[in-house]
Amino acid sequence: MYNGMPNGKPRTPYHEFYADDFTPRDHYRLLWDHIKATGNNALEAKAHESQLALQAEGVTFTVYGESEEGIERIWPFDLIPRIITAQEWVKIESGLKQRVRALNLFLGDLYGEQRIIKDGLIPPELIYQGRDFRREIVGIVPQRGIYTHISGIDIIRDEKGEFLVLEDNLRTPSGVSYMIENRVIERRIMPEFFDKYKVRRVAHYPALLLEALRSLSPRGKENAEIVLLTPGVYNSAYFEHTFLAKEMGVELAEGRDMVVVNDIVYLKTTTGLQRVDVIYRRVDDDFLDPLVFRSDSSLGIAGVINSWRAGNVAIVNAPGSGIADDKAVYPYVPDIIRYYLGQEPILHNVPTYQMTNVQDREYVFDNMERMVIKAVSESGGYGMLMGPSSTPALRKEFMDLVQENPRNYIAQPVVYLSRHVCYMDGELEARHLDLRPFTIYGEDIQVVPGGLTRVALRKGSLVVNSSQGGGSKDTWVLAE
Amino acid sequence: MRYLIEHETVLEYPQAIREHHIELRLVPRSDGHQKVMSCSIETEPTAELASYNDYFGNRVDYFCVIPPHSRLVTRLKTEIETQKENPFDFESVPPAEEQEWLRQAVRRTPAMNDFVLHRSQATPSEIKLMELLKSTLPRRQPERPLLDSLLELLAWVPTVLEYRSGTTEVHGSLAAALQQGNGVCQDFAHLFITVARSWGVPARYVMGYLDPGICSTGEELATHAWAEALVPGAGWVGFDATHNLLANDHYVAVAVGRDSYDAAPQRGSFKGDSAGEQPTVKISVQEQ
């Protein structure tokens, strides 16, 4: 659904649940029959139960922008599950594996020989003016050449029901804890369906991640001391950091809890220094090592990059991964897949306009009400203009920003994300949603069958980010 | 020429600091123009040194001092032989082919893009620079050899900046120097680089040492800074805008980068109070 296409006008978004106004899609029929039979009161009771469970479990997230330190909120959960058929999943899974494999080869090339630039496929300005191209790590080859051990690639569905990649999140993607918690809650409130539908499990994600982390230990799997490095309690994903550390049984630490001595990373414990082999960091590159990146960072570990270079510690995801999910690189990903794998992309991109291209830019400026403009290095819905709901003043502001630094922005026609029924204050209503599955690249690439389905809770809204008032659903991938 | 170079840096702190990590870019480059004959680095307190070559090909020596300390000394002693005698001695390329030569050089080595595209506080955009200067920039004469235009640029820099030792901080912005109308060698180098890049010519920053015989009177002996521009047929040629000279065998190059930040001789990170950090640098360059 590309509202921004010439002569285009909004068509009906794809409905995940209903095939038409009166009938559900086949894989939703069981659920639909049940809802009809038990009525709204039963749903209300389940909604109430889910609220209590989320509170009891302490499932929260933090919103910034309203106050300095952020506000902690209960995770918004909608009880009607989103169901993905086995057939649909095959496509998503194979598409993600292909994309992650290609993007890792791309990173290895960028920080190595740079064949793709020499062959003229990627304009060098794109890389050399990218904020996240890290010259400090050129020449370092991470274990098995893997940079993005964890990817959270966002997928949407267009009006024809085709799955498209909206953005690649390869730095410190978050949301996996909510995927798992949503399942815990759903199992509690809708246990009857888990037998009737063959829903594939997601609860083993922490075990898969732990296995991948252990496999990276320079001292071998048996001696893998793993630390989850968090920026601290004020980070919006702190809940997830504590959740994953607990589930995997690894230490949760801040930069100040660690020290590098002669290229070895140690955790400071009450019984002395304890060697660290693998750092699962949820701290951005900029703040990771004040010796080589931002010197004013107090969140990182001084000397950790040199330790990594020396091969004494693994860092997950590898520093420098961010250049591959730079939104200005995104339009090139289909070519990147063809270049490194010699295959056609299984999952397609959303059409994207590059602001460095004068023609594209003028077209976007003429059609701003129908565009989404995104800052290339931002995530979480920050630094973004949603054309349809924007004011003339805001459009002017973005036009100036784009002109000042075109490399820093891309534009996409507004995509009318697919919709699904949600239980909103006693009624079933349609809301837009997307999907973030999680991919782990350890000894091989695995996509956990499921993901975080994010819902735009406001009627008509297309913004699903939890920081911008989004909610979530449990995501059921069917075994058959 | 053969030089013995000694470079001592003493950092003193009013209150003890700890977990101190240091990176040094002090060992001169070894390339076609100069060769390191011997080199040693000592530290106080003593520390275990390790090294690697950074992205720009600079040798980095690094170490850490973990226990509390209020004084840290690093001492470099190196003997170096320089060979380049005449910077004008190269096969030139006809002016009409120079731009293509540069284009090919950048295409072959994508990393060269940095030396054309990089903009920072020290090497601002063309528009910003014109605002600061309140005038247009020197123009490249496309019908004449690029080297001629670069030499004119070299002579132009001292007409807008006056040399005054100690007037700008290390890593200071070019804007500050231009507003005052005076600066140190770093600012001269940055200004040269900024204009050369606006012409689309790859230009980089060099930190190193200069034969004390060249230094004008009143200059304290310190590390020196100059620029290098990629000249068709010649490769990198050093331009010392502070002295309006081309770099020759009286110049010892240590570290290069996009600007002074990349080529800083010493970088550190520690835990503790940074207020009152007192650096003292002593350098001697002796001809052998």
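The structure is a predicted model, in which local features need pLDDT of at least 70 and side-chain atom pairs count only at pLDDT 80 or more, while totals for chains, interfaces and linings use all residues. Residues are numbered from 1 along each chain as its sequence is written, and chains are lettered from A and ligands numbered from 1 in the order in which they are written.

**Chain B as a whole**

- Chain B has six helices and 14 strands, where helices (H or I, at least four residues) and strands (E, at least two) are DSSP runs numbered from the N terminus.
- Its radius of gyration, taken over C-alpha atoms, is 19 Å, close to the 19 Å that the globule rule gives for 288 residues, so chain B is as compact as a globular protein of that length; the rule is 2.2 Å times the number of residues to the power 0.38.
- Along the principal axes, the C-alpha atoms of chain B fill a box of roughly 60 × 40 × 40 Å.
- Of the 288 residues of chain B, 41% count as buried, a residue being buried if 20 or more other C-beta atoms, placed from the backbone, lie within 10 Å of its own, exposed if 12 or fewer, and partly exposed in between.
- Among the contacts in chain B with a separation of 6 or more, 74% come from residues 24 or more positions apart, two residues being in contact if their C-beta atoms, placed from the backbone, lie within 7 Å.

**The contact between the chains**

- The contact takes 22 residues from chain A and 16 residues from chain B.
- On the side of chain B that touches chain A, at least two residues each are supplied by β1 (2–24), β3 (50–53), β4 (59–65), α2 (114–117) and β13 (266–271) of chain B, and β1(B) gives the most, with three residues.
- That side of chain B divides into eight nonpolar, three polar and five charged residues, with Ala, Val, Leu, Ile, Met, Phe, Trp, Tyr, Cys and Pro counted as nonpolar, Asp, Glu, Lys and Arg as charged, and the others, Gly among them, as polar.

**A helix pair in chain A**

- The axes of α1 (residues 29–57) and α5 (residues 176–189) of chain A come within 10 Å and cross at roughly 135°, the axes being lines fitted to C-alpha atoms, for helices over the stretch in contact, and angles running from 0 to 180 degrees between N-to-C directions.
- This angle makes α1(A) oblique to α5(A), since angles under 35 degrees count as roughly parallel, over 145 as roughly antiparallel, 65 to 115 as roughly perpendicular and the rest as oblique.
- In α1(A), Lys46(A), Glu49(A), Ser50(A), Ala53(A), Leu54(A) and Glu57(A) meet Glu181(A), Ile185(A), Arg188(A) and Ile189(A) in α5(A), and the residues of this contact divide into four nonpolar, one polar and five charged.

**Backbone features**

- Most residues other than glycine have a negative phi, and most peptide bonds are trans.
- A cis peptide bond with omega about -15° joins Val316(A) and Asn317(A), and Asn317(A) is placed in the loop between β13 (314–316) and α11 (333–341) of chain A.
- Another cis peptide bond, with omega about -5°, joins Glu44(B) and Pro45(B), and Pro45(B) is placed in the loop between β2 (34–44) and β3 of chain B.
- Gln114(A), although not a glycine, has a positive phi of about 60°; Gln114(A) lies in the loop between α2 (86–110) and α3 (115–118) of chain A and is partly exposed, with 17 other C-beta atoms within 10 Å.
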